[in-house]
Amino acid sequence: MKWFAAVTAALSLCVSSIAFAQQPIVIKFSHVVAEKTPKGQGALKFKELAEKKLPGKVQVQVFPSSQLFGDAKEMEALLLGDVQLIAPSLSKFDRYTKKLQVYDLPFLFPSIEVVDKFQDGPDGQALLDSMKSKGLKGLAYWHNGMKQLSTNRDKLTVPADVKGLKFRIQSSDVLEAQFRAVGANPQKMAFSEVYQALQTGVVDGQENTWSNIYSQKFYEVQKTIAETNHGLIEYMVVTNAKWWDGLPPDIRAGLAEAMKEATAYANKLAFDINESDKKKIAEAGKAKIQKLTKQDLAEWQKAMQPVWKKFEPGIGKDLVQAALKAGG
Ligand code: LMR
C-alpha cells in the first residue's frame, strides 16, 4: 500500500497548492474619513472595480474612519506592509517631501479646476513619484475641496477675529505658519480627535472642507464657519513601492486601471458632495455660515502672504510658479 500513500500525499500537495494559488491577494485600504465623503466613496469604488476586473485574484478591504490606522500610524503601517493603500491629505507628507507643501500655501489655488490643471501637468505628475526613495509610490490624486475656517466665536470675518485663538491643524508646518501669521495658536492633532477637542474647548477652531465639517459633525460644536476658501484638502493615494513593484504584472495593470476609473469617479463626485454638505450644515441651523466680502478676504490673504516666502525655498520656486501658471 506504499504506492497508495504516495499517491494520496502527492494529490493532497497538488490540491493545497491549487488552493494556495487561488488565494486572492488581500489589499487593505485604510483611511480616516467617513464613507459618505469623496475619499470614502472613492475607496469603495476602487474596491468594486478592482474586484470586478480581477475576479478571485484580489480582495480589497476598506477601513474608513481611522478604524484600522489613524493619522499618526497609517504611513508607518504602509511602509511596514500592514496596509497596502492609504490616501492621506497632501498636508500630511511633510516628513517625506517638502515639495507637496506647495498645496498648503494659502490662497495659491483659487479653485479645484486649477488644482486639476496643475495635477494633470508635468509638475503635478512628477510629484506622484517624488517619495519613491522613501518607499512611497503615488498612484493618484483625489480631490476633496476648498477649506473653510470655523471657530466657537460669533464674529469671524477678519484676521483680528482669530487673534489668540487655538486652532487644530493637520501635521503641516505650512499650516502652522499660516495660523501664526494671523496671530492664532495652531496645534497639530489627528483627525479622529478633532470633534472632541472642539467640543471640550481644547481648541477654539479648525479649518476643513464642507464634507469633513458635516460628516464629523464639527458644525455642531462650532458657532461660525467663515467661507474663506483659503486653502484645500487634496489627497494622494499612495502605496508601498516595493509591494507594488513586486505584484504580478497582470494584477498591477488591473489595479492601475481600477485606480484610474475610481479616481475619475471620486473626483467628479467631490464638488457635489461638498455643496450638498454645505446645504445640510446651513439647514441644521447650528453654526452660522459667514459670507465674506472681497475686502475681508483681501485682509486674510495679505496677513497670510508671508507664508509663501518662508516656504518657497524648500518647495522650489519652479513648482510655485507652475501652480500659479495653472491658475492662468
Ligand atoms: C484632516 O485631517 O483634517 C483631513 O486631512 C482629513 C481627511 O483625510 O480629509
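Predicted model: local features only at pLDDT ≥ 70, side-chain atom pairs only at ≥ 80, totals over all residues.

Q: How far is a polar side-chain atom of Asn 208 from an oxygen atom of the ligand?
A: The distance is 2.8 Å. A polar contact here is a pair of N or O atoms within 3.5 Å; within protein, one must be able to donate a hydrogen and the other to accept it, and residues adjacent in sequence count only if both atoms are side-chain atoms.

Q: What about Lys 92 and the ligand?
A: A polar side-chain atom of Lys 92 is 2.7 Å from a ligand oxygen atom.

Q: And how far is the side chain of Asn 212?
A: One of its N or O atoms sits 2.9 Å from an oxygen atom of the ligand.

Q: Which residues surround the ligand?
A: Among them are Val 32, Val 33, Lys 39, Phe 191, Ile 233 and Tyr 235. Each has a heavy atom within 4 Å of the ligand.

Q: Switching to helices. At what angle do α4 and α13 cross?
A: Roughly 130°, and the axes of α4 (residues 112-120) and α13 (residues 317-326) come within 8 Å. Axes are lines fitted to C-alpha atoms, for helices over the stretch in contact, and angles run from 0 to 180 degrees between N-to-C directions. Helices are DSSP runs (H or I, at least four residues), numbered from the N terminus.

Q: What does that angle make them?
A: Oblique to each other. Angles under 35 degrees count as roughly parallel, over 145 as roughly antiparallel, 65 to 115 as roughly perpendicular and the rest as oblique.

Q: Which residues of α4 make the contact?
A: Val 114, Lys 117 and Phe 118 do, against Leu 319, Ala 322, Ala 323 and Ala 326 of α13. Contact means heavy atoms within 4.5 Å.

Q: How do α6 and α12 pack?
A: The axes of α6 (residues 173-181) and α12 (residues 306-315) come within 9 Å and cross at roughly 155°. So α6 is roughly antiparallel to α12.

Q: Last pair: how far apart are the axes of α2 and α10?
A: They are 8 Å apart, with α2 (residues 38-53) and α10 (residues 249-284) packed at about 150°. These two are therefore roughly antiparallel.

Key:
Residues numbered from 1 in each chain as written. Heavy atoms only, no water.
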